[in-house]
Amino acid sequence: MQFVLEKRAERSATIALVSPLIAIALTIATMSVLFVILGKNPVAALGVYFIDPLTDGYSLQEIAVKAAPLVMIAIGLSLCYLANAWNIGAEGQFLVGAVAGSWLAVKTQGTDAGHWVLLAMLLLGAAAGALYALIPALCKVRFGASEILVSLMLVYVADLLLDYLVRGPWRDPAGFNFPTTAEFDPVATVPLLIEGGRLHLGAVIALTVTAAAAVLLGRTIKGFEIRVVGAAPRAARFGGFNSNQLILLTFAISGALAGLAGIIEVAGPIGHLQPGISPGYGFTAIIVAFLGRLNPVGILIAGLFLALTFIGGEQAQIAMKIPLDVTKVFQGILLFYVLACDSLILYRFRLVPSSRKASHGTA
């Protein structure tokens, strides 16, 4: 007798609904075992990760600050994934958007430029992210290259470009040789929503993007086209939908949102360009997209949950001396369980006699 995966005749709505919750529960159980191995009280550690940040006003602001880029990037990725186009390079598009928008901030430094600077920076960041995302999309459409590999490799190009600029031509002469630009002028920074805190306009932009994506997918023909091309490619071809054009469109939107998130992060919480501006937002957003079931509202909730792990991880490092890398382990385990549980939506385990399996093989 052997276990085999058998494709389900139809998807189970119940399993699809509870799959993310099962994945989270399994992740928490696994992390409890890891905390025990590290010699930490798992109940106390989980409390620091998931409860303590929700009881402090400043931490709640920080969760919203962390969630904003995650939600924007994940919504763009979800459009690609729904269309069966696999953008894995949002991290690079995030960095390129940050670099492009920062160029204007560096060039207008100390020139008493007007408030138009911030809007122009946001547009530059979005445009640069879109153009950068179109590189793997065009390679796929024109040459049949793997968009997964091309988009992933471009992450390293963007990272090296950022590193070169802040260590070379854009380095602040008064920065004591640190690899950073000068602090952006006030007109080149994202306005704060709460005085004395770090919550900024980017959170409102993330909510606006969420609402726009919900309308796009639920109320427009283009949203219907995205879902049909991804779910039923043959039916889409019979319907006259152009999958290549849709790949270009979804990659462009995805890159634009990632680039916009990049420049907002630099012009908001950070205030200048430097290496390490992202703790892996582009990759974490992949988890957010799937945990949110590729649905804008679900992504918003998932983004807040993953942001909670970032803040909880920082507090656990201070309070319990738990390495910050444990947060990345947590996110990786969560992605594994999300994908594993999702497989149960499409497949089921069946116990099959070995002789039957062999006879199928010989046939």
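Modeller: Start with ring pairs. Rings of Phe, Tyr and Trp (its six-membered ring) pair if their centres lie within 6.5 Å. Planes under 30 degrees apart count as stacked, over 60 as edge-to-face and the rest as tilted. By this rule there are twelve aromatic pairs. This is a predicted model, so local features need pLDDT of at least 70 and side-chain atom pairs pLDDT 80 or more, while totals for chains, interfaces and linings use all residues. Residues are numbered from 1 along each chain as its sequence is written, and side-chain values use heavy atoms, without hydrogens and water.

Colleague: Why is the pair of phenylalanine 50 and phenylalanine 305 called stacked?

Modeller: Their ring centres are 5.9 Å apart, and their planes stand at 5 degrees. The limits are 6.5 Å and 30 degrees. So the pair is stacked. It links distant parts of the chain: phenylalanine 50 is in helix α2 (residues 42–50) and phenylalanine 305 in helix α12 (residues 296–320), 255 residues apart. Helices here are DSSP runs (H or I, at least four residues), numbered from the N terminus.

Colleague: How do you know whether phenylalanine 50 is buried or exposed?

Modeller: Buried means under 20% relative accessible area, exposed over 50%, partly exposed in between (1.4 Å probe, protein chains only). Phenylalanine 50 has 11%, so it counts as buried. Phenylalanine 305 has 17%, so it is buried too.

Colleague: What makes tyrosine 81 and tryptophan 86 a stacked pair?

Modeller: Their centres lie 4.9 Å apart and their planes are at 25 degrees, so the pair is stacked. Tyrosine 81 is buried because its relative accessibility is 5%. Tryptophan 86 has 28%, so it counts as partly exposed.

Colleague: Which residues do ring pairs link into a cluster?

Modeller: Phe35, Tyr49, Phe50, Phe305 and Phe330.

Technical notes
Helix = DSSP H or I, 4+ residues; strand = E, 2+ residues; numbered from the N terminus.
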